[in-house]
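Below are my comments on the model, as numbered points. Please read them with the structure open.

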Amino acid sequence: MLNQIREYLRAVPFRPFEIHCTNGDAFWIEHPENAAVVAHQVVVALPGGESVTTLSALHIVRASGFEVAQA
């Protein structure tokens with residue numbers, strides 16, 4: 001799952017996507033600078049840019065929004 005999120009963040013052109021967690025929370029990533037994969041976690045900037053949340057890879061069930069074209 002983390003590799004898929006990395007691909008979404010590196011896609012050119014970037015397209016917004018959503019990360020879904022086991023507890024039902026979903027985080028909309030509108031810009032590649034709004035999230036980062038760090039070790040086994042994803043750090044997400046929350047709306048307003050004043051705070052972040054850290055998502056454990058164990059609790060991410062899917063990322064959706066678009067599929068990366070294979071070259």
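Predicted model: local features only at pLDDT ≥ 70, side-chain atom pairs only at ≥ 80, totals over all residues.

1. Residues are numbered from 1 along each chain as its sequence is written, and side-chain values use heavy atoms, with hydrogens and water left out.

2. The protein chain has one helix and six strands, in the order α-β-β-β-β-β-β from the N terminus. Helices (H or I, at least four residues) and strands (E, at least two) are DSSP runs, numbered from the N terminus.

3. The C-alpha trace spans about 35 × 25 × 20 Å along its principal axes. The radius of gyration, taken over C-alpha atoms, is 11 Å, which agrees with the value near 11 Å for a compact globule of 71 residues (the rule is 2.2 Å times the number of residues to the power 0.38).

4. Buried residues (under 20% relative accessible area, with exposed over 50% and partly exposed in between; 1.4 Å probe, protein chains only) make up 27% of the 71 residues. The largest nonpolar core has 16 residues, of which Ile-5, Phe-17, Ile-19, Val-42, Val-44 and Leu-55 touch the most other members. H1, S1, S2 (26–29), S3, S4 and S6 (60–64) each supply at least two residues of this core, and H1 gives the largest share, four. Such a core is a set of buried Ala, Val, Leu, Ile, Met, Phe, Trp, Tyr and Cys residues joined through side-chain atoms within 4.5 Å.

5. Leaving aside neighbours within four places in sequence, Val-42 is in contact (heavy atoms within 4.5 Å) with residues including Leu-2, Ile-5, Ile-19, Val-37, Leu-55 and Ile-60.

6. Two backbone features deserve a check. Most residues other than glycine have a negative phi, and most peptide bonds are trans. The bond from Val-12 to Pro-13 is cis, with omega near 0°; Pro-13 is in the loop between H1 (2–10) and S1 (17–21). Ala-39, not a glycine, has a positive phi of about 55°. Ala-39 is in the loop between S3 (35–38) and S4 (41–45) and counts as exposed, at 59% relative accessibility.
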